[in-house]
Amino acid sequence: MSESLRNDGRIWVPKKLEDAKAIREGNLKPTDLAEEDRDYYLERRYPAFGNLVPRDVASRAAKERCDAGFGVNRTGEAVYLDFAAAVIRYGKEQAHIKGLNEEDEVLVKNLGQEVVRSKYGNLFQMYEKIVDQNPYETPMMIYPAVHYTMGGVWVDYNLMTSIPGCFAIGEANFSDHGANRLGASALMQGLADGYFVLPYTMGDYLSDDIRTGTIPIDSSEFEAAEKDVKDQLDAFINNKGIHSVDYYHRKLGKIMWDKCGMSRNEKGLKDAMLEIKALREDFYKNVNVPGSQNEFNEQLAKAGRVADFLELGELFAKDALERTESCGGHFREESQTPEGEALRDDENFTFVSAWEYNGEPADAVLRKEELKYEEIEVKTRSYK
Amino acid sequence: MNLTLKIWRQANAAAKGNMETYPISDVSPDMSFLEMMDVLNEELMVKGIDPVAFDHDCREGICGMCSMFINGEAHGPDRLVTTCQLHMRKFNDGDTITIEPFRANAFPVIKDLTVDRSAFDRIQQAGGFVSVNTSGNTQDANSIPIDKHDADKAFDAATCIGCGACVASCKNASAMLFVSAKVSQYALLPQGKIEATDRVLNMVKQMDDEGFGNCTNTGACEVECPKGISLENIARMNREYYSASIEG
């Protein structure tokens, strides 16, 4: 669910393991659990920010509670997002504004639900359709999930990639939003790059080429690139393997989720690199892409994308292995404070890791881009 | 759940299509309709049958890609949902479900259940925008006060995701609800006033050129619209169109 819900929702799990178990088995309703039996763990751990801690902190805290056995759905991978308090708060406010009885519980609830509906109605409807429960009456069950990936294509100050004339804008590049997707700015970089940067930088690039005619396609570079693409398409179609593209996509997703996700360690990342490499080899040997090349073929398109993911996934693991500090969404279990918070290592890791493509992901070469802070002093934020 | 699916199969735009029947078993009621289709395709591929092509992208009801005419209704039997938000719990064990593409002359079938809705893109390109100079002197949007009711109505119109359910549901294959939502979203705001005349004339012309039918106010579009776009927008577009015709 959208993070905006955390503005008014309170996140909790049961305090007692037996209550969590009873809820999982369907013998206890969350609304029946007394206030003192609930653990509002974000408010407990981070009293200053409460439910509004950044998403990496909130995600890890949810995982920590669920790993400890306090998860509240069938799979044990869910915490509650509860609007009951917000409904009462807004309801009383509305009753007060309208000069109505603030002690009338039914009235307050109705007024409060109206406010919540006007603010979050579309998200509540989405939840109701997926889960088949009414989130106005019972807390929502939420859990962190993969949303976007952080990092992207290296670009220079003009947003041009290492290929002259090839520009990458928006979240596809590594510069701002793509670098660390922890804020609520999904469209910001696309708009800023598209409206304010590209009109100048691309025009500047093209100005040198204004009299360049049509570029011939009978060059050796063009032929080599065309042959690469054709060979890959032929290989997929003629492979006639035993597993679908989705089979590999799911397997890769599981490796990434387990070993290169919210919490990472050296052994897991090393394993992940080997597992992904093996999976990639298996993919090229045994993938099955039905149909032919010259038709609308979704499986073929997907095969090309999953082939890329199988390289990128391994590079993610390599990058995470190299960076032994914890920083933002990247949490290395070896680098944490006694309280379990992310511990940065500014002395050794104040740089952007740009990886130079070198065929196999394991052979990618690290190009460090130093981060120089002139106007601000680098500090560690505390949400306590 | 065990179901029988009757699905429209068509190799490409030129090919003659036909309905094929596929049984599917052990469907979880918690699956979305598209997840059920994913499972079907996995099974078909194992049997060496070409998987069913269907449109999908975000799978959270905001992109407008998923189409499908399910049991005679765009996006199936549930209200205010796209196909990805339709869950199998809305069906019963043993049901036969008929799945067809969105049908309209202006939406040619690409393959099976996927249709080409680029006609909508061309209508948008004809006028669905405001021209703003981003050279550095851009006015702060908050410096123009807008009545809350107008802002809400513009927002409601802007929630149109361009899925084409209105066209598929209309007996005339009219695109009036879509175009009127796009026109209204700007007509209600001061930022849209400057280009209002050209906008409505150009968008309506493009709509007609694409071969969409006329509106006869049956209201099926409003019922099937996953975003609840109101017929009021069509009235607003007609008004915009008439005043633009007089000015134009």
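Helices (H or I, at least four residues) and strands (E, at least two) are taken here as DSSP runs, numbered from the N terminus. In this sense Asn18(B) lies in strand 2 of chain B, and it counts as exposed because it has 9 C-beta neighbours inside 10 Å, where exposed stands for 12 or fewer other C-beta atoms within 10 Å of a residue's own, buried for 20 or more and partly exposed for what lies in between, with C-beta atoms placed from the backbone. Asn18(B) is eleven residues from Ile7(B) in sequence, and the two are 8.2 Å apart in space, C-alpha to C-alpha.

The structure is a predicted model, in which local features need pLDDT of at least 70 and side-chain atom pairs count only at pLDDT 80 or more, while totals for chains, interfaces and linings use all residues. Residues are numbered from 1 along each chain as its sequence is written, and chains are lettered from A and ligands numbered from 1 in the order in which they are written.

Strand 2 of chain B (18-24) is one edge of a sheet, and strand 4 (73-74) of chain B is the other, each pairing on one side only. The sheet is open, with five strands in the order 2-1-5-3-4 and mixed pairing, two strands being paired if DSSP finds at least two bridges between them. Within it, strand 3 (residues 69-70) and strand 5 (residues 96-100) of chain B pair in the antiparallel sense over two bridges, and Ile70(B) stands opposite Ile99(B) of strand 5.

Leaving aside residues up to four places away in sequence, Leu177(B) touches Cys166(B), Cys221(B), Glu222(B), Cys225(B), Ile229(B), Asn233(B) and Ile234(B), contact meaning that the C-beta atoms of two residues, placed from the backbone, lie within 7 Å.

Chain A has eleven helices and six strands, and its C-alpha trace spans about 80 × 55 × 45 Å along its principal axes. Of its 384 residues, 27% count as buried. Chain A is divided into domain 1 (3-142), domain 2 (147-207) and domain 3 (226-384), and the C-alpha centres of domain 1 and domain 2 of chain A lie 37 Å apart. Four strands of chain A form an open sheet in the order 2-1-3-4 with antiparallel pairing, and three bridges join strand 1 (residues 10-14) to strand 3 (residues 79-82) of chain A, where Arg10(A) stands opposite Asp82(A).

The contact between the chains takes 14 residues from chain A and 16 residues from chain B. On the side of chain A that touches chain B, the elements that give two or more residues are helix 5 (105-131), helix 6 (188-207) and helix 10 (298-322) of chain A.

Notes:
Domain bounds come from an automatic or database domain assignment.
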